[in-house]
2 protein chains.
Amino acid sequence: MKLKDIGEFGFIEKISRGCLIRPDNIVRGIGDDAAAFSSEPEQVTLVTTDLLVERVHFLRTATTGFNLGYKSLAVNLSDIAAMGGTPREAFVSIAIPDDCSIDFLEDLYNGIKELASEFNVNILGGDTTRSKVDLILNIVVTGCVRQEEMLLRNGAQPGDLIFSTGFLGDSRAGLHLIINDIAADSIELKSLLNSHILPRPFLHEGRFLARHSGVHAAIDVSDGLSSDIGHIAKESNVGIRLYSEKIPLSKNLIYFCAEFHFDPVEFALAGGEDYTLLCTLSPDKADDIARKYLDTFDNPLYLIGEITNTGKMELIDSAGRAKPFKPEGWDHFKSE
Amino acid sequence: MKLKDIGEFGFIEKISRGCLIRPDNIVRGIGDDAAAFSSEPEQVTLVTTDLLVERVHFLRTATTGFNLGYKSLAVNLSDIAAMGGTPREAFVSIAIPDDCSIDFLEDLYNGIKELASEFNVNILGGDTTRSKVDLILNIVVTGCVRQEEMLLRNGAQPGDLIFSTGFLGDSRAGLHLIINDIAADSIELKSLLNSHILPRPFLHEGRFLARHSGVHAAIDVSDGLSSDIGHIAKESNVGIRLYSEKIPLSKNLIYFCAEFHFDPVEFALAGGEDYTLLCTLSPDKADDIARKYLDTFDNPLYLIGEITNTGKMELIDSAGRAKPFKPEGWDHFKSE
């Protein structure tokens with residue numbers, strides 16, 4: 001069955017099933033000029049959006065619809081996580097080329113719905129249209145958070161300790177496998193591939209951090225550690241000191257880097273799309289928060305460095321020498 | 001200057017100027033993982049989104065950046081108008097091919113900012129990325145409205161009178177000129193072209209209708225009169241009777257149809273993108289509302305038909321004969 005057989009409204013009817021997961025606050029869902037919902041009282045509304053373009057962000061032939069849909073929502077949920085918020089409503093706009101099958105599209109919406117369902121997010125609307133060549137996907141997610149709990153990029157203070165909620169560099173290694181058409185023929189490589197394809201948003205972890213008063217700043221790792229910690233440095237007008245030996249590297253990444261002769265720390269610094277949260281914690285509260293975090297999630301907060309008042313971005317190597325580092329993550333217009 | 005010279009973050013810095021038009025409720029604008037704003041108390045939040053794709057919705061060589069930006073926001077504002085709401089925040093996602101100049105893009109954002117400024121809307125965020133071939137634009141607009149004032153598609157009742165806030169068919173005529181490369185060499189044709197290129201959202205008119213208790217349903221004309229009134233019929237489970245002689249036609253459209261041998265009523269029925277509002281009014285309140293409307297806007301509400309309980313969609317011709325009509329507006333997947 002092709003899209004032109006069922007038409008735009010037939011397609012909308014098909015994908016609309018299973019979109020309303022949490023009906024309590026919804027005044028109007030899919031089917032009017034705009035969606036309408038009531039906000040949580042005494043909370044601010046968060047909005048984030050991500051535009052994904054075929055041949056720039058993904059290769060349609062190298063992904064399943066499910067994985068594409070899942071990740072497209074995940075990256076938006078990760079932005080809400082980085083604000084310390086709770087995601088509420090998602091809006092999916094899609095531009096579909098003629099050669100895209102309904103099966104692929106249904107699979108794509110299933111990927112979105114699977115993750116939406118897990119985090120109690122409604123798919124409340126969007127737009128569907130044609131595209132000449134490339135499949136285009138734009139997802140918007142709204143969320144909410146108490147203003148006093150909100151995690152921003154500009155709150156870091158000299159003396160703060162910098163933590164990551166998870167390993168860094170895995171996603172970049174997974175991307176390397178895809179780009180270079182390397183078969184993921186071991187548990188290690190499969191796991192790296194998975195980190196790239198199905199990233200988990202750290203939403204519960206973001207809420208945990210938001211509830212603790214010693215957390216001064218946060219961001220999610222989308223462009224890469226060096227680039228994203230650079231955003232905190234710039235917005236907070238502070239310096240950064242990272243310790244190369246403390247950067248959390250998975251066994252899988254170390255295996256991969258040994259196999260393919262890469263420096264895992266460089267992968268962790270420049271590699272994007274890990275979607276872990278970086279946060280800066282007041283030094284007098286960091287121990288307590290890190291201990292509670294471990295108790296809650298059975299995973300550590302990884303200490304990777306500290307905020308300085310030097311204005312510099314520096315990496316301390318294993319011999320204790322400081323080297324300056326630059327944001328080396330993804331720039332859509334500069335990179336190829 | 002090319003995009004790759006200034007990079008993604010340089011570009012974002014450039015276009016971010018002049019985006020915060022109404023700072024009072026904004027907690028965080030451009031520059032964090034998500035935007036954050038406080039909502040109007042006791043109002044529901046509205047969200048609408050539109051995805052525009054080059055070679056499907058516009059030809060880059062046939063438009064200025066300004067006009068493209070202006071219209072892209074206008075169609076979203078029109079959706080808020082059709083809900084009876086007040087627009088608040090806009091989010092602009094854009095995917096840019098390499099051959100698109102910075103001048104064109106700045107002009108595009110100027111078009112968005114011009115209209116945003118007129119209606120007191122902030123541009124509060126979005127996404128910028130590359131595209132392989134086509135320029136892609138996704139705009140999201142949030143708004144607010146008191147729930148009891150909200151205008152929906154599903155409130156029409158048998159006996160209601162159907163009105164339009166403006167002329168129908170002009171935009172389609174303007175599109176005909178563009179597609180067929182016909183020079184707009186008269187005041188009439190220029191005006192039709194303008195209706196297509198720079199549509200005005202009926203926001204003040206939507207708010208007026210929302211404040212009056214006899215207004216039962218509303219929609220904006222994006223797909224075409226027959227198609228959009230069909231949405232009201234379907235959602236309200238009612239029939240529609242339109243009077244061909246009452247459909248408001250501009251002198252410009254009549255001139256155009258005489259010149260190019262078209263039936264203006266057919267243009268009005270099937271032509272989309274007029275962005276007038278269609279509304280259904282309680283018969284006992286319609287006169288009063290229409291009189292106040294005329295006093296307020298110095299333009300009439302045009303009576304075009306009535307809601308019936310027959311379930312049929314019928315058009316009454318000048319001789320009083322009823323003919324069935326079908327939704328004939330735009331279907332992105334069926335039309336070429």
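**Close-up views of a predicted two-chain model**

**View 1. The nonpolar core around A:A90 and B:A90.** In this predicted model, the largest nonpolar core holds 205 residues, and A:A90 and B:A90 are those with the most contacts inside it. With residues up to four places away in sequence left out, A:A90 touches A:L73, A:A116, A:V121 and A:N122, and also A:I123, A:L124, A:I139, A:V140 and A:V141.

**View 2. The two copies and the axis that relates them.**

**View 3. The contact between chain A and chain B.** Chain B brings 60 residues to the contact and chain A brings 60 residues. On the side of chain B that touches chain A, strand β3 (residues 44–53) of chain B gives the most, with nine residues. That side of chain B is made up of 25 nonpolar, 17 polar and 18 charged residues. Strands also pair across the contact: strand β3 (residues 44–53) of chain A lies antiparallel to strand β2 (residues 35–37) of chain B, with three bridges between them. In this pairing A:L46 is opposite B:A36 of β2(B).

**View 4. Domain 1 and domain 2 of chain A.** The division of chain A gives domain 1 as residues 3–149 and domain 2 as residues 161–324. Taken over C-alpha atoms, the centres of domain 1 and domain 2 of chain A are separated by 27 Å. The contact between them involves 18 residues of domain 1 of chain A and 20 residues of domain 2 of chain A. On the domain 1 side, α2 (65–82) and β4 (86–96) of chain A each supply at least two residues. The largest share of that side, 11 residues, is from α2(A). By class, the domain 1 side consists of 11 nonpolar, four polar and three charged residues.

**View 5. Helix α4 of chain A and its cover.** Helix α4 (residues 170–179) of chain A has A:D170, A:S171, A:R172, A:A173 and A:G174 as buried residues. Among the elements that cover the buried residues of α4(A) are α5 (187–197), α8 (251–260) and α9 (264–270) of chain A. Just after α4(A) comes A:D181, with a positive phi of about 55°.

**View 6. Helix α5 of chain B and its cover.** In helix α5 (residues 187–197) of chain B, the buried residues are B:L189, B:L192 and B:L193, together with B:S195, B:H196 and B:I197. The cover over the buried residues of α5(B) includes α2 (65–82), α4 (170–179) and α8 (251–260) of chain B.

**View 7. Strands β7, β9 and β11 of chain A.** Strand β11 (residues 302–308) of chain A pairs in the antiparallel sense with strand β7 (residues 161–164) of chain A, over four bridges. At one of these positions A:L161 has A:E306 in β11(A) as its bridge partner. Strand β9 (residues 239–243) of chain A is also antiparallel to β11(A), again over four bridges. Here A:L242 stands opposite A:G305 of β11(A).

**View 8. Strands β9, β12 and β13 of chain A.** Strand β12 (residues 313–316) of chain A pairs with β9(A) in the parallel sense over four bridges. The bridge partner of A:L242 in β12(A) is A:L315. Strand β13 (residues 322–324) of chain A runs antiparallel to β12(A), and three bridges join the two. Within β13(A), A:P324 is the bridge partner of A:E314. The strands β12(A) and β13(A) form a hairpin with five residues between them, and in the turn A:G320 has a positive phi of about 85°.

**View 9. The surroundings of A:A233.** Residue A:A233 is part of helix α7 (residues 225–236) of chain A. It counts as buried because it has 21 C-beta neighbours inside 10 Å, where the cut-off is 20 or more. Apart from neighbours within four places in sequence, A:A233 is in contact with A:V238, A:G239, A:I240 and A:M313. From A:A233 to A:E149 there are 84 residues in sequence and 20 Å in space, taken C-alpha to C-alpha.

Note on methods:
Residues numbered from 1 in each chain as written. Chains lettered and ligands numbered in written order. Predicted model: local features only at pLDDT ≥ 70, side-chain atom pairs only at ≥ 80, totals over all residues. Contact = placed C-beta atoms within 7 Å. Nonpolar A, V, L, I, M, F, W, Y, C, P; charged D, E, K, R; others polar. Pairing = 2+ DSSP bridges. Domains from an automatic or database assignment. Buried ≥ 20, exposed ≤ 12 C-beta atoms within 10 Å, placed from the backbone. Core = buried A, V, L, I, M, F, W, Y, C linked by C-beta atoms within 7 Å.
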